[in-house]
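This explanation leads the reader through selected features of a structure. The sequence and the model are shown first, and the discussion follows.

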Amino acid sequence: MTTTLPQILRSAANKLPNQESFRFGSDSLNYKELDVKTDKLASHLNAKGVKKGDRIGVYMFRSLETAIAMYGIMKTGAAFVPLDPGLPISRINYLLNDCGIEHVITNPNLHRKHRKILEHKSPLKSFIGVRLNTDFETISWDDIFNITLENFIEIPINENDLAYIMYTSGSTGFPKGIMHTHKSGLSYARLSVNLFKINEDDRLASHAPLHFDISTLGYLAGPLAMATTIIISEAHTKMAPSLAALIEQEKITIWYSVPLALVQLLQSNSIQKMNLSALRLFLFGGEVFANKFLNELMHLCPEAKFYNVYGPAEVNQCTCYHIKKPPLKKDVIPIGQVWEETEFIILDKQGRKINNNDYGELAIHSSTMMKGYWNNQTLTNKSTYVAIQGELEKKFFKTGDMVKMNETGDFHFKGRNDRQVKIRGYRIEIDEIEAALLTHEKIIEAAVIVLQKNESEKEVMAAVIVDQSCTIGSKELLEHCRGSLPSYAVPQSIEIMPDFPRTGSGKIDRKEIIKTYIKI
């Protein structure tokens, strides 16, 4: 019985060794090749003293090597930690220190950033996947693949061992690391394969980068089903016509992304010209898919099935809704019902259990649920609701999402109970952006707001009050944000105001600030 994620790959290599596992551009690896190359990476890591429970960074743009990295790391019993190459070096350094990362797997096209990382103090001991002209220890991919496996020893791991940590925005201004075990990752892969009937004939489009939790469908469920995962290049994601052509050329059967990627394909008028007959399944999540675009796409692909998928990264996925017909303009698409091996409760504002059909916060207990937040037991406890069932305690993750159940038993998403928003599928903490702004010595107060740009897009804006004795512009403030925030969290614009509108209690009136922005 398969109980760990590396066993997925080993099983696929034994059953279908010549089946294409991952493809990137014109390069690909079959399951046997991927299994052998991950063994070689694991052998190198073992020789460097990597042991069960260690954390290894994966600092890479999209490439075939991302699959080799994550499975090679897991074969040692260590956990892989995706590091977004688009992050500021200061944020990368924070993650290296927070997670105690001694080894980072990477590729040569990041060589300029490698040197900047080395300028900061961290536990880092080596870069794997690149050769640098420096005293610091590095080893190329060619050298890894030339390793012989005579002395390779498989490390015994179990389902409760840590498999990966994914960092996301935190309300304190610091990222939080979501810990997933082999059990939670494998459960997500298995439930996805069962629900969407993924099989060896499928070709999954992996549109999201590894540090985005949506990517786990291709990287985990794909190998479990012995399917082929097409890793889409950064260039393709930015050029809708070439992406549309790639979908046709690769005969993609399963698509999973945030709605914006599909909206851009439609707006480019390129996907309309392509043969999309191979596509049997569209999965989308992370934000609302505007009905007018969803309607158009469903008419373009009348034979495909469409699912609105919901689930915070802490539980991978927990609900989905099968959209059976093109929506009308005023239709509200539900997030659906919980899938297998999942229970839910609804909580009121005081954190008490209420009736399922009342409006409240959704809390989830599932086999796909995280172990907790890395190095942050306080936050783990705060995010957990403990239900007593008989003599047993059952832990539920409090999603922070407000829902209400309709007459058919489907949940409707009603918004957040905190100040977290999703834009282009990324979770953004308003408090984190404000905290970053306030680190600027000339900023006295900061207020971040979200504007609905149009039916399908939102924008993060900021307003600040600065020291009157200084002359500073929004350009400099935006540059300050770029030095400490991921690119997707940097405000689109910053307005310098003489003062903020206030409520009767003296608090910042953000609704009035929004009105000011609209006038601007």
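Is Lys238 buried or exposed? In this predicted model, Lys238 is exposed, with a relative accessible area of 65%. Its partner in a salt bridge is Glu234, and their closest N and O atoms are 4.0 Å apart. Glu234 counts as partly exposed, at 34% relative accessibility.

Another pair, Arg510 and Glu434, forms a salt bridge whose closest N and O atoms are 2.9 Å apart. Because Arg510 lies in helix α16 (residues 510-519) and Glu434 in helix α14 (residues 430-437), the pair ties together parts that are 76 residues apart in sequence. Arg510 is partly exposed, with a relative accessible area of 26%, whereas Glu434 is buried at 8% relative accessibility.

Salt bridges also link Arg10, Asp35, Asp39, Lys75 and Glu154 in a network. The count of salt bridges comes to 25.

Arg10 leads on to helix α1 (residues 5-15), where the buried residues include Leu5, Ile8, Leu9 and Arg10. The buried residues of α1 pack against several elements, namely α2 (31-47), α3 (65-75), β8 (162-168), α7 (182-196) and α8 (216-224).

Methods
Residues numbered from 1 in each chain as written. Predicted model: local features only at pLDDT ≥ 70, side-chain atom pairs only at ≥ 80, totals over all residues. Heavy atoms only, no water. Buried < 20%, exposed > 50% of the residue type's maximum accessible area, 1.4 Å probe, protein only. Helix = DSSP H or I, 4+ residues; strand = E, 2+ residues; numbered from the N terminus. Contact = heavy atoms within 4.5 Å. Salt bridge = Lys/Arg side-chain N within 4 Å of Asp/Glu carboxyl O.
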